[in-house]
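I'd like to walk you through one structure, so please have a look at it with me.

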Amino acid sequence: MNILKRSLLLTGMVMLAVVVMAQSVEEAGAKYNEGNEYFKEKDYSNAVTAYEAALNTAKEAGTDADDLRGSIEKQLMNAYFKNGLAKYKGRKFDAAIAFLEKGFAFSEKLGDASMKKKTSTYIAKVRTSKGNALLKSSKINEAFAEYEMATELLPSYPNAYYGKGLVYKAKDDMANMMTNMDKAIELGASNPKAAKIAKKAKSTTAKALVNAGAKEIQREHGKKATEYILSSFNYTPGNTKAYYYLTLAYNNTKNWDEAVSAANKAIEMETGDKGDLYFALGQAYEGKGDTAGACTAYKKVTTGSNVEVAKYQITQVLKCN
(Lines give C-alpha, C1' and ligand atoms only; values in the text may rest on other atoms or scores of the structure.)
Protein backbone atom coordinates (compact mmCIF):
# COMPACT_ATOMS: atom_id res chain seq x y z
CA MET A 1 0.00 0.00 0.00
CA ASN A 2 1.52 3.32 -1.05
CA ILE A 3 1.77 6.35 1.14
CA LEU A 4 -1.20 8.10 -0.43
CA LYS A 5 -3.55 5.17 0.07
CA ARG A 6 -2.34 4.70 3.65
CA SER A 7 -2.90 8.37 4.38
CA LEU A 8 -6.40 8.29 2.92
CA LEU A 9 -7.28 5.17 4.96
CA LEU A 10 -6.00 6.73 8.16
CA THR A 11 -7.92 9.92 7.49
CA GLY A 12 -11.07 7.90 6.87
CA MET A 13 -10.67 5.98 10.10
CA VAL A 14 -10.18 9.20 12.07
CA MET A 15 -13.25 10.76 10.47
CA LEU A 16 -15.28 7.63 11.22
CA ALA A 17 -14.15 7.69 14.84
CA VAL A 18 -15.11 11.34 15.11
CA VAL A 19 -18.53 10.59 13.66
CA VAL A 20 -19.02 7.63 16.02
CA MET A 21 -18.01 9.69 19.06
CA ALA A 22 -20.26 12.52 17.96
CA GLN A 23 -23.13 10.09 17.64
CA SER A 24 -22.35 8.66 21.11
CA VAL A 25 -22.36 12.13 22.66
CA GLU A 26 -25.64 12.87 20.90
CA GLU A 27 -27.17 9.60 22.10
CA ALA A 28 -25.96 10.25 25.64
CA GLY A 29 -27.50 13.71 25.50
CA ALA A 30 -30.79 12.31 24.27
CA LYS A 31 -30.92 9.77 27.10
CA TYR A 32 -29.96 12.49 29.58
CA ASN A 33 -32.84 14.67 28.38
CA GLU A 34 -35.15 11.67 28.59
CA GLY A 35 -34.05 11.17 32.19
CA ASN A 36 -34.71 14.82 32.94
CA GLU A 37 -38.28 14.49 31.67
CA TYR A 38 -38.88 11.47 33.88
CA PHE A 39 -37.35 13.34 36.81
CA LYS A 40 -39.68 16.31 36.27
CA GLU A 41 -42.62 13.89 36.29
CA LYS A 42 -41.30 12.36 39.54
CA ASP A 43 -40.91 9.02 37.79
CA TYR A 44 -37.59 8.43 39.49
CA SER A 45 -37.34 4.75 38.63
CA ASN A 46 -37.37 5.42 34.88
CA ALA A 47 -35.19 8.48 35.42
CA VAL A 48 -32.53 6.24 36.97
CA THR A 49 -32.71 3.84 34.02
CA ALA A 50 -32.36 6.67 31.51
CA TYR A 51 -29.51 8.37 33.36
CA GLU A 52 -27.61 5.09 33.74
CA ALA A 53 -27.92 4.46 30.00
CA ALA A 54 -26.81 8.04 29.30
CA LEU A 55 -23.79 7.65 31.55
CA ASN A 56 -22.68 4.39 29.94
CA THR A 57 -22.95 5.96 26.48
CA ALA A 58 -21.10 9.10 27.62
CA LYS A 59 -18.26 6.96 28.96
CA GLU A 60 -17.95 5.27 25.58
CA ALA A 61 -17.74 8.69 23.92
CA GLY A 62 -14.57 9.48 25.86
CA THR A 63 -13.28 12.95 26.66
CA ASP A 64 -15.68 14.65 24.25
CA ALA A 65 -18.49 13.87 26.70
CA ASP A 66 -16.70 14.96 29.87
CA ASP A 67 -18.95 17.96 30.56
CA LEU A 68 -22.08 15.99 29.78
CA ARG A 69 -20.91 13.09 31.93
CA GLY A 70 -20.54 15.40 34.92
CA SER A 71 -24.12 16.64 34.50
CA ILE A 72 -25.41 13.09 34.12
CA GLU A 73 -23.62 11.90 37.25
CA LYS A 74 -25.07 14.72 39.32
CA GLN A 75 -28.61 14.04 38.13
CA LEU A 76 -28.17 10.30 38.54
CA MET A 77 -27.10 10.92 42.14
CA ASN A 78 -30.27 12.95 42.71
CA ALA A 79 -32.41 10.28 41.04
CA TYR A 80 -30.90 7.56 43.19
CA PHE A 81 -31.74 9.61 46.29
CA LYS A 82 -35.30 10.40 45.19
CA ASN A 83 -35.93 6.82 44.13
CA GLY A 84 -34.58 5.61 47.47
CA LEU A 85 -37.04 7.86 49.30
CA ALA A 86 -39.91 6.59 47.13
CA LYS A 87 -39.02 2.98 47.93
CA TYR A 88 -38.77 3.88 51.62
CA LYS A 89 -42.27 5.36 51.59
CA GLY A 90 -43.47 2.13 50.00
CA ARG A 91 -41.75 0.17 52.80
CA LYS A 92 -39.47 -1.55 50.30
CA PHE A 93 -36.52 -1.26 52.64
CA ASP A 94 -33.89 -3.29 50.79
CA ALA A 95 -34.55 -1.48 47.52
CA ALA A 96 -34.48 1.87 49.32
CA ILE A 97 -31.14 1.07 50.92
CA ALA A 98 -29.67 -0.05 47.60
CA PHE A 99 -30.60 3.20 45.82
CA LEU A 100 -29.58 5.43 48.72
CA GLU A 101 -26.21 3.70 48.95
CA LYS A 102 -25.66 4.33 45.23
CA GLY A 103 -26.51 7.97 45.83
CA PHE A 104 -24.09 8.04 48.75
CA ALA A 105 -21.31 6.61 46.55
CA PHE A 106 -21.88 9.32 43.95
CA SER A 107 -21.96 12.03 46.62
CA GLU A 108 -18.49 10.92 47.74
CA LYS A 109 -17.22 10.78 44.15
CA LEU A 110 -18.58 14.23 43.35
CA GLY A 111 -17.59 15.73 46.69
CA ASP A 112 -21.19 16.74 47.47
CA ALA A 113 -21.18 17.08 51.27
CA SER A 114 -24.87 18.02 51.46
CA MET A 115 -26.03 14.96 49.55
CA LYS A 116 -23.63 12.75 51.48
CA LYS A 117 -25.24 13.89 54.72
CA LYS A 118 -28.78 13.44 53.39
CA THR A 119 -28.19 9.96 51.99
CA SER A 120 -26.40 8.69 55.10
CA THR A 121 -29.19 10.09 57.29
CA TYR A 122 -31.88 8.32 55.30
CA ILE A 123 -29.94 5.07 55.09
CA ALA A 124 -29.85 5.08 58.90
CA LYS A 125 -33.59 5.79 59.04
CA VAL A 126 -34.42 3.02 56.56
CA ARG A 127 -32.21 0.52 58.37
CA THR A 128 -33.94 1.42 61.63
CA SER A 129 -37.36 0.93 60.04
CA LYS A 130 -36.20 -2.39 58.63
CA GLY A 131 -34.94 -3.33 62.10
CA ASN A 132 -38.36 -2.50 63.56
CA ALA A 133 -40.06 -4.78 61.02
CA LEU A 134 -37.62 -7.59 61.77
CA LEU A 135 -38.12 -7.17 65.50
CA LYS A 136 -41.90 -7.48 65.08
CA SER A 137 -41.23 -10.77 63.30
CA SER A 138 -39.10 -11.92 66.26
CA LYS A 139 -35.93 -11.83 64.14
CA ILE A 140 -34.03 -10.29 67.01
CA ASN A 141 -30.44 -10.74 65.85
CA GLU A 142 -31.20 -9.54 62.32
CA ALA A 143 -32.96 -6.50 63.76
CA PHE A 144 -29.98 -5.70 65.97
CA ALA A 145 -27.64 -5.82 62.96
CA GLU A 146 -29.75 -3.18 61.21
CA TYR A 147 -29.83 -0.93 64.28
CA GLU A 148 -26.07 -1.32 64.67
CA MET A 149 -25.43 -0.23 61.08
CA ALA A 150 -27.79 2.71 61.60
CA THR A 151 -25.92 3.97 64.67
CA GLU A 152 -22.59 3.59 62.89
CA LEU A 153 -23.85 5.72 60.01
CA LEU A 154 -25.71 8.25 62.15
CA PRO A 155 -24.54 8.23 65.78
CA SER A 156 -26.99 11.02 66.63
CA TYR A 157 -30.13 9.09 65.63
CA PRO A 158 -32.07 8.24 68.82
CA ASN A 159 -34.54 5.87 67.12
CA ALA A 160 -31.78 3.40 66.33
CA TYR A 161 -30.63 3.33 69.96
CA TYR A 162 -34.25 2.85 71.01
CA GLY A 163 -34.40 -0.14 68.67
CA LYS A 164 -31.24 -1.60 70.18
CA GLY A 165 -32.78 -1.10 73.60
CA LEU A 166 -35.83 -3.10 72.51
CA VAL A 167 -33.59 -5.93 71.35
CA TYR A 168 -31.87 -6.10 74.73
CA LYS A 169 -35.27 -5.90 76.42
CA ALA A 170 -36.37 -8.94 74.41
CA LYS A 171 -33.24 -10.72 75.60
CA ASP A 172 -33.92 -9.76 79.25
CA ASP A 173 -30.61 -7.88 79.30
CA MET A 174 -31.67 -4.94 81.44
CA ALA A 175 -28.20 -3.42 81.77
CA ASN A 176 -27.64 -3.04 78.01
CA MET A 177 -31.26 -2.06 77.52
CA MET A 178 -30.78 0.87 79.90
CA THR A 179 -27.50 1.88 78.25
CA ASN A 180 -29.14 2.22 74.83
CA MET A 181 -32.38 3.71 76.11
CA ASP A 182 -30.35 6.27 78.05
CA LYS A 183 -28.61 7.21 74.80
CA ALA A 184 -31.96 7.60 73.04
CA ILE A 185 -33.19 9.80 75.90
CA GLU A 186 -30.01 11.87 75.89
CA LEU A 187 -30.19 12.51 72.14
CA GLY A 188 -33.90 13.21 72.34
CA ALA A 189 -33.38 15.82 75.03
CA SER A 190 -31.22 17.90 72.69
CA ASN A 191 -33.50 17.56 69.67
CA PRO A 192 -37.13 18.79 69.87
CA LYS A 193 -38.05 16.56 66.90
CA ALA A 194 -36.95 13.51 68.89
CA ALA A 195 -38.84 14.37 72.08
CA LYS A 196 -41.47 11.73 71.31
CA ILE A 197 -38.96 8.88 71.05
CA ALA A 198 -37.23 10.06 74.24
CA LYS A 199 -40.55 9.99 76.10
CA LYS A 200 -41.26 6.54 74.68
CA ALA A 201 -37.83 5.31 75.77
CA LYS A 202 -38.49 6.45 79.34
CA SER A 203 -41.87 4.74 79.49
CA THR A 204 -40.66 1.52 77.87
CA THR A 205 -37.62 1.28 80.13
CA ALA A 206 -39.62 1.88 83.30
CA LYS A 207 -42.19 -0.78 82.40
CA ALA A 208 -39.51 -3.28 81.44
CA LEU A 209 -37.69 -2.79 84.74
CA VAL A 210 -40.86 -3.22 86.80
CA ASN A 211 -41.74 -6.38 84.88
CA ALA A 212 -38.19 -7.66 85.32
CA GLY A 213 -38.55 -6.97 89.05
CA ALA A 214 -41.77 -9.00 89.12
CA LYS A 215 -39.97 -11.95 87.53
CA GLU A 216 -37.21 -11.73 90.12
CA ILE A 217 -39.81 -11.76 92.91
CA GLN A 218 -41.18 -15.01 91.52
CA ARG A 219 -37.66 -16.41 91.72
CA GLU A 220 -37.39 -15.22 95.34
CA HIS A 221 -34.65 -12.76 94.31
CA GLY A 222 -35.89 -9.82 96.34
CA LYS A 223 -32.66 -7.84 96.24
CA LYS A 224 -32.41 -7.92 92.45
CA ALA A 225 -36.12 -7.12 92.17
CA THR A 226 -35.64 -4.09 94.41
CA GLU A 227 -32.76 -2.84 92.25
CA TYR A 228 -34.79 -3.11 89.07
CA ILE A 229 -37.88 -1.41 90.47
CA LEU A 230 -35.96 1.43 92.11
CA SER A 231 -34.14 1.96 88.79
CA SER A 232 -37.50 2.30 87.05
CA PHE A 233 -38.16 5.43 89.11
CA ASN A 234 -35.27 7.13 87.27
CA TYR A 235 -37.40 7.03 84.11
CA THR A 236 -40.99 7.59 85.26
CA PRO A 237 -42.69 8.21 88.61
CA GLY A 238 -43.72 4.99 90.31
CA ASN A 239 -47.30 3.79 89.85
CA THR A 240 -49.43 1.40 91.91
CA LYS A 241 -48.00 -1.67 90.21
CA ALA A 242 -44.41 -0.59 90.78
CA TYR A 243 -44.92 0.17 94.48
CA TYR A 244 -46.83 -3.08 94.98
CA TYR A 245 -43.97 -5.13 93.52
CA LEU A 246 -41.51 -3.06 95.52
CA THR A 247 -43.46 -3.97 98.67
CA LEU A 248 -43.18 -7.66 97.79
CA ALA A 249 -39.46 -7.29 97.11
CA TYR A 250 -38.87 -5.56 100.45
CA ASN A 251 -40.91 -8.22 102.23
CA ASN A 252 -38.75 -10.86 100.57
CA THR A 253 -35.58 -9.21 101.88
CA LYS A 254 -37.15 -8.45 105.29
CA ASN A 255 -36.82 -4.69 104.86
CA TRP A 256 -40.06 -4.21 106.74
CA ASP A 257 -40.11 -0.43 107.18
CA GLU A 258 -39.42 0.11 103.48
CA ALA A 259 -42.13 -2.43 102.66
CA VAL A 260 -44.68 -0.57 104.80
CA SER A 261 -43.80 2.71 103.12
CA ALA A 262 -44.04 1.24 99.61
CA ALA A 263 -47.35 -0.49 100.38
CA ASN A 264 -48.91 2.70 101.72
CA LYS A 265 -47.88 4.55 98.56
CA ALA A 266 -49.47 1.85 96.42
CA ILE A 267 -52.68 1.98 98.47
CA GLU A 268 -52.81 5.76 98.20
CA MET A 269 -52.50 5.58 94.40
CA GLU A 270 -54.91 2.70 93.81
CA THR A 271 -58.49 3.69 93.00
CA GLY A 272 -59.81 0.15 92.50
CA ASP A 273 -59.42 -3.15 94.32
CA LYS A 274 -56.87 -2.84 97.15
CA GLY A 275 -57.11 -6.36 98.59
CA ASP A 276 -53.67 -7.55 97.47
CA LEU A 277 -52.09 -4.28 98.57
CA TYR A 278 -53.48 -4.52 102.10
CA PHE A 279 -52.37 -8.14 102.31
CA ALA A 280 -48.79 -7.15 101.40
CA LEU A 281 -48.99 -4.34 103.96
CA GLY A 282 -50.19 -6.81 106.59
CA GLN A 283 -47.21 -9.06 105.84
CA ALA A 284 -44.85 -6.10 106.27
CA TYR A 285 -46.36 -5.11 109.62
CA GLU A 286 -46.33 -8.72 110.77
CA GLY A 287 -42.70 -9.06 109.75
CA LYS A 288 -41.64 -6.05 111.81
CA GLY A 289 -43.62 -7.26 114.82
CA ASP A 290 -46.39 -4.68 114.68
CA THR A 291 -49.39 -6.88 115.46
CA ALA A 292 -51.87 -4.02 115.62
CA GLY A 293 -50.80 -2.71 112.21
CA ALA A 294 -50.91 -6.21 110.72
CA CYS A 295 -54.41 -6.86 112.10
CA THR A 296 -55.71 -3.57 110.74
CA ALA A 297 -54.27 -4.30 107.29
CA TYR A 298 -55.43 -7.91 107.09
CA LYS A 299 -59.00 -6.93 108.11
CA LYS A 300 -59.14 -4.73 104.99
CA VAL A 301 -58.45 -7.69 102.72
CA THR A 302 -62.04 -8.29 101.62
CA THR A 303 -61.43 -9.08 97.95
CA GLY A 304 -58.96 -11.05 95.90
CA SER A 305 -57.21 -14.40 96.28
CA ASN A 306 -55.81 -13.66 99.75
CA VAL A 307 -59.08 -13.27 101.66
CA GLU A 308 -58.96 -16.68 103.34
CA VAL A 309 -55.24 -16.41 104.13
CA ALA A 310 -55.83 -13.00 105.71
CA LYS A 311 -58.67 -14.44 107.86
CA TYR A 312 -56.40 -17.25 109.00
CA GLN A 313 -53.70 -14.77 110.03
CA ILE A 314 -56.30 -12.69 111.91
CA THR A 315 -57.94 -15.58 113.79
CA GLN A 316 -55.27 -18.24 114.13
CA VAL A 317 -51.86 -16.54 114.05
CA LEU A 318 -52.20 -13.00 115.33
CA LYS A 319 -55.37 -13.57 117.38
CA CYS A 320 -56.60 -10.12 116.46
CA ASN A 321 -59.34 -8.49 118.56
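How many helices and how many strands does the chain have? There are 15 helices and zero strands, where helices (H or I, at least four residues) and strands (E, at least two) are DSSP runs, numbered from the N terminus. Before going further, a word on where this comes from: this is a predicted model, in which local features need pLDDT of at least 70, side-chain atom pairs count only at pLDDT 80 or more, and totals for chains, interfaces and linings use all residues. Residues are numbered from 1 along each chain as its sequence is written, and side-chain values use heavy atoms, with hydrogens and water left out.

Now the overall shape. Along its principal axes, the C-alpha trace spans about 135 × 35 × 30 Å. Leu281 sits in helix α13 (residues 275-287), and at 4% relative accessibility it is buried.

Buried here means under 20% relative accessible area, exposed over 50%, and partly exposed in between (1.4 Å probe, protein chains only). The areas themselves come from the Shrake-Rupley method. Buried residues make up 44% of the 321 residues in the chain.

On to the charges. The structure holds 15 salt bridges, each being a side-chain nitrogen of Lys or Arg within 4 Å of a carboxyl oxygen of Asp or Glu. One of them joins Glu73 and Lys109, at 2.7 Å from N to O. This pair links distant parts of the chain, with Glu73 in helix α3 and Lys109 in helix α4 (residues 93-110), 36 residues apart.

Arg127 and Glu101 make another bridge, at 3.2 Å from N to O. Arg127 is in helix α5 (residues 113-136) and Glu101 in helix α4, 26 residues apart, so this pair too links distant parts of the chain. Arg127 is buried at 10%, and Glu101 is partly exposed at 37%. Both belong to a network of salt bridges that also takes in Asp94, Lys130 and Glu146.

What about charges on the surface? Lys42, Lys82, Lys89 and Lys118 gather in a patch of positive charge there. For such a patch, residues need over 30% relative accessible area and no salt bridge, and like charges are joined within 9 Å. Lys82 lies in helix α3 (residues 66-89) and is partly exposed at 32%.

Finally, some backbone angles. Most residues other than glycine have a negative phi. Asp172, not a glycine, has a positive phi of about 60°, and its place is the loop between α7 (158-170) and α8 (174-189). Lys254 has a positive phi as well, about 65°. Lys254 lies in the loop between α11 (240-252) and α12 (256-269) and is exposed at 60%.

That's my tour, so over to you!

Conventions:
Patches are made of residues with over 30% relative accessible area and no salt bridge: like charges are joined within 9 Å, nonpolar side chains (Val, Leu, Ile, Met, Phe, Trp, Tyr) within 5 Å. Accessible areas come from the Shrake-Rupley method with a 1.4 Å probe; for residues, only the protein chains shown count as cover. Lys and Arg count as positive and Asp and Glu as negative; His and the chain ends are not counted. The place of a charge is taken as NZ of Lys, CZ of Arg, CG of Asp or CD of Glu.
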